[in-house]
Amino acid sequence: MLENSGLFDSKAIKAQFPTLSQVVSGKSLVYLDNAATSQKPLCVIEALENYYRNNNSNVHRGMHELSRRATEAYESARNRMALFIGAESSEEIIWTRGTTEGINLVANSWGTQNLSANDEILLTTMEHHSNIVPWQLLAERTGATIRYIEMDAEGHLDLTNLEELCGKRTKIVACTQVSNSLGTINPLEPIISQARSVGALVLVDGAQAVPHQAIDVGRMDCDFYVFSGHKMCGPTGIGVLWGRKEILDKMPPYQGGGEMIKLVQRNRSTWADLPHKFEAGTPNIAGAIVLARAADFLEEIGFDAVKEHERNLLAYALEQLGAVEGIKIFGPSDQTLRSSVISFHLGDIHPLDVSTILDAEGIAIRVGHHCAQLVMQHLGVTVTARASFYLYNTYGDVDRLVSGLHSANNIFAP
Amino acid sequence: MNTLASLHQQLILDHYRNPRNKVSLEECDSEGWATNPMCGDEVTLQLSLDKDTIKGISFGGKGCSISQAAASMLSVRLRGSSLETASLLTSQFTGMMNSSIGEPDAVFMGDLLAFEGVRKFPLKVRCALLICEAFQKALEKANELGRREALMEDL
């Protein structure tokens, strides 16, 4: 089977990821749990080691060489991530622990300041729990109401009643760009333009989009954009909240502590300017610096090439999996509206059993509700098995998955 | 796969495909329920008692081969046993699955030894133990009932 699509050599890329060259259960590892987290290339691992080996220091507060180095690397990482997502200024890049913290920050800070009992928050039933629960907590605090954009049978957002759902009372719309459980790629344009027309803000959850495609928040015209580092070849514990400067400027701090103040007095304090106002305490310095290295890595390969490879891989996987007896694949049938995530059931075999059999063959997939229980309820299931691909996956990986599913069918054959 | 492992697998699959005691009881004295939120598996358990002896037992629920087979296999062992023996067996089984006891008593464990291989899958260990959790709850309920009845007799 041809491994190269266009200029893309997925085997050469795979070779740059040390975890992927190991043997698991006596077979070479096939890692298909990328929607949960990605593996890390050697350059990222080395950047982490280099930071702790040579430059480790606290930032913004030491008048010594190491602190200067750490501060410079940390702040240039911020510039790097601003460029990476097309932000106008690095002041708009707030470091977070990940997507979840980014959403919690907006819900707590902006939400508590701006929402009251008659207001509405518009979500979709496709969201990850991290884009539902923070808003539920906010709704409980403020008395605001949560409404949902529903999905159709294939897992596309149903926008037919968007004008009714997103009206005068709507203060914020929070929506994922790509579904983590079904792979659906959402049409953000009509949602954002409807939100604009009623004066509502829009938060886009980019956790599943950023690893796979170039992002331009300016062109997208949203107000907040959140994502995690660990799904894009970066480390865990670091992520980005991007927000429009004029909105971030008006928001109160999320947490109090060192780093986020101008002046502390006995009874009150004043806040640091952006972005530090939202970054209380010693940040994840290494994480930020290394995330920038991951961004370099992805852009050196190029998102056009990554996208094309994943598109080819998805087409091949859907075709091969479609031929497996008893398989039921959830999500969009239109491949142009689907990312490289495949949720499925294999006959009556419980997804946990499917995953256990695959594990015994060295194949890692995810099974569960994928933190998207509203999606599972919509599908009428409790859990699904999910295979998700990334730039280092090969056609050979798909073949191994297919043969693992045949094994499962054989073991559970009546 | 070695013969023992495959024998064990056959045993588990047999209980999964042909579950024993999966018909709900017409009358039950106590019941329990347990779920694994990580995967959505759930097991329900009904007991009918004759004093301290489990006269009838039934389990229900849905889930993977491990949770369902463990429930089926344990239900076979628990039927007709005393509550004391049942507690001992479920706690031994729990200990074996959590690797919190030494070598399990192979004779006492019997067919349940088939689940030893599941120990290397932590998520599945939880599935195998759902039936024990459900039994524990049913036992607590039965004890409560027993206490209440004893109290009534005293009055």
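**Two interfaces in a two-chain model**

Good morning. Across the interface of chain B and chain A, the rule finds seven residue pairs in polar contact, both residues being at pLDDT 80 or more. A polar contact is a pair of N or O atoms within 3.5 Å; within protein, one must be able to donate a hydrogen and the other to accept it, and residues adjacent in sequence count only if both atoms are side-chain atoms.

Some conventions before I continue. The model is predicted, so local features need pLDDT of at least 70 and side-chain atom pairs count only at pLDDT 80 or more, whereas totals for chains, interfaces and linings use all residues. Residues are numbered from 1 along each chain as its sequence is written, chains are lettered from A and ligands numbered from 1 in the order in which they are written, and side-chain values use heavy atoms, with hydrogens and water left out.

To return to the chain interface: the rule finds one salt bridge there, a salt bridge being a side-chain nitrogen of Lys or Arg within 4 Å of a carboxyl oxygen of Asp or Glu. The partners are D353(A) and K124(B), whose closest N and O atoms are 2.9 Å apart.

Which helices of chain B each supply at least two residues of the side that touches chain A? They are helix 1 (3-17), helix 2 (65-78) and helix 5 (122-154). Helices here are DSSP runs of H or I with at least four residues, strands are runs of E with at least two, and both are numbered from the N terminus. Helix 1 of chain B gives the largest share of that side, four residues. By class, the side of chain B comprises 10 nonpolar, four polar and four charged residues. Ala, Val, Leu, Ile, Met, Phe, Trp, Tyr, Cys and Pro count as nonpolar, Asp, Glu, Lys and Arg as charged, and the others, Gly among them, as polar.

In total, 18 residues from chain B and 14 residues from chain A take part in the contact, defined as heavy atoms within 4.5 Å. The buried area between the chains is about 1200 Å², with 58% given by carbon and sulfur atoms; buried area is the accessible area (1.4 Å probe) that two parts lose on being put together, summed over both.

I turn now to the interface inside chain A. The domain assignment, automatic or from a database, gives domain 1 (4-31 + 303-411) and domain 2 (45-299). F303(A), L374(A) and Y390(A) supply 27% of the area that domain 1 buries against domain 2, more than any other three residues.

How many salt bridges are counted between domain 1 and domain 2 of chain A? The count is zero, while 12 residue pairs are in polar contact there, both residues at pLDDT 80 or more.

Finally, the chains themselves. Chain A has 14 helices and 19 strands, and its C-alpha atoms fill a box of roughly 75 × 55 × 35 Å along the principal axes. Chain B has five helices and three strands, running α-β-β-β-α-α-α-α from the N terminus.
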